[in-house]
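Here's a quick tour of some aromatic rings and helix packing. Have a look at the model first, then read on.

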Amino acid sequence: MATEVWAPLFSLAGVLLGGTLTALSQRATQRSAERLEVRRQAVADREARRAEQLQAIKDFLACVQEAEGVAYRRPEEWGEDEGWLGAASAAMGRLWVAERHLVLVGHAGLHDPVRAYARALNQAVWREIGDVEVNEHVEEHKSVFMETARASLAAF
C-alpha cells in the first residue's frame, strides 16, 4: 500500500515542479522580450528624432541659400525693383519659419547658432551691414551653425 501512495505523490510533485519551472521560464522569456522591445522602441524614437532634425536642418539650409541669393541680388536703391522686394519678403518669411521649426525640433545647442545665422542673413538682405560683403558678414555665423549642426546630429 505504501507504494500505491508514494507513486502518485511523486507524480504529483513532478507535475508541480515541472509546471512551476515552465511558468518561471515563460515569465523570464516574456520579461526579456519586453526589455528588448523597449530598447528597440528607444532606438526607433532616436532615429525618428534624428531624421526629423536632419530634415529641419535641410529645410533651413534651403531657405538660407534662397536668402543669400536674394541678398546678392538686392538693388542699390530701395524701390528700384518691386519684384525683388516681394521675393525678399517671401524668402525671409520662409527663412524665419524654417528657423523656428529647427529651434522647435532641434537640439538645444542649435538654438543660438540658428538664430544668429538667420539674423545675420536678415541684416544682409536688408543691407543693415554697411559696406561689408554678404559672404563676409554671414561666414562666421554659418561656420558656427554648421559645426553645431554636425555635432548635434552626431550625438544621436
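How many aromatic pairs does the structure hold? This is a predicted model, and it holds 5 aromatic pairs. Two of them, W84 with W126 and Y117 with F145, are set out here. A pair of aromatic rings is described by the distance of the centres and the angle of the planes.

| Pair | Centre to centre | Between the planes | Geometry |
|---|---|---|---|
| W84 and W126 | 5.7 Å | 80° | edge-to-face |
| Y117 and F145 | 5.8 Å | 35° | tilted |

**The tryptophan pair**

Take W84 and W126, the edge-to-face pair. W84 sits in helix α2 (residues 82-105), while W126 is in the loop between α3 (111-125) and α4 (134-154), so this pair ties together parts that are 42 residues apart in sequence. Is W84 buried or exposed? At 5% relative accessibility, W84 counts as buried, because the cut-off for that is under 20%.

**The Tyr-Phe pair**

Y117 and F145 make the tilted pair. Y117 belongs to helix α3 and F145 to helix α4, so here the parts being tied together are 28 residues apart in sequence. Both partners are tucked away: Y117 is buried with a relative accessible area of 1%, and F145 is buried at 0%. Which residues form one aromatic cluster with F60? Y117 and F145 do, so the tilted pair belongs to that cluster.

**Helix α4**

Now for the helix that carries F145. α4 has 21 residues and reaches 30 Å from its first C-alpha to its last, close to the 30 Å expected at 1.5 Å a residue. Where does α4 bend? At E140, by about 35°. Along with F145, the buried residues of α4 are V134, H137, V138, A149, S152 and L153. What covers them includes α1 (2-72), α2 and α3.

**How α2 meets α3**

α2 and α3 pack with their axes 10 Å apart, at an angle of about 175°. Angles over 145 degrees count as roughly antiparallel, and therefore that is how these two helices are described. Which residues make the contact? On the α2 side they are W84, A88, M92, L95, W96, E99, L102 and V103. From α3 come H111, V114, R115, A118, R119, L121, N122 and V125.

Terms used: Residues are numbered from 1 along each chain as its sequence is written. This is a predicted model: local features need pLDDT of at least 70, side-chain atom pairs count only at pLDDT 80 or more; totals for chains, interfaces and linings use all residues. Side-chain values use heavy atoms; hydrogens and water are left out. Rings of Phe, Tyr and Trp (its six-membered ring) pair if their centres lie within 6.5 Å; planes under 30 degrees apart count as stacked, over 60 as edge-to-face and the rest as tilted. Helices (H or I, at least four residues) and strands (E, at least two) are DSSP runs, numbered from the N terminus. Buried means under 20% relative accessible area, exposed over 50%, partly exposed in between (1.4 Å probe, protein chains only). The expected span of a helix is 1.5 Å times one less than its number of residues. The bend at a residue is the angle between axes fitted to the seven residues ending there and the seven starting there. Contact means heavy atoms within 4.5 Å. Axes are lines fitted to C-alpha atoms, for helices over the stretch in contact, and angles run from 0 to 180 degrees between N-to-C directions. Angles under 35 degrees count as roughly parallel, over 145 as roughly antiparallel, 65 to 115 as roughly perpendicular and the rest as oblique.
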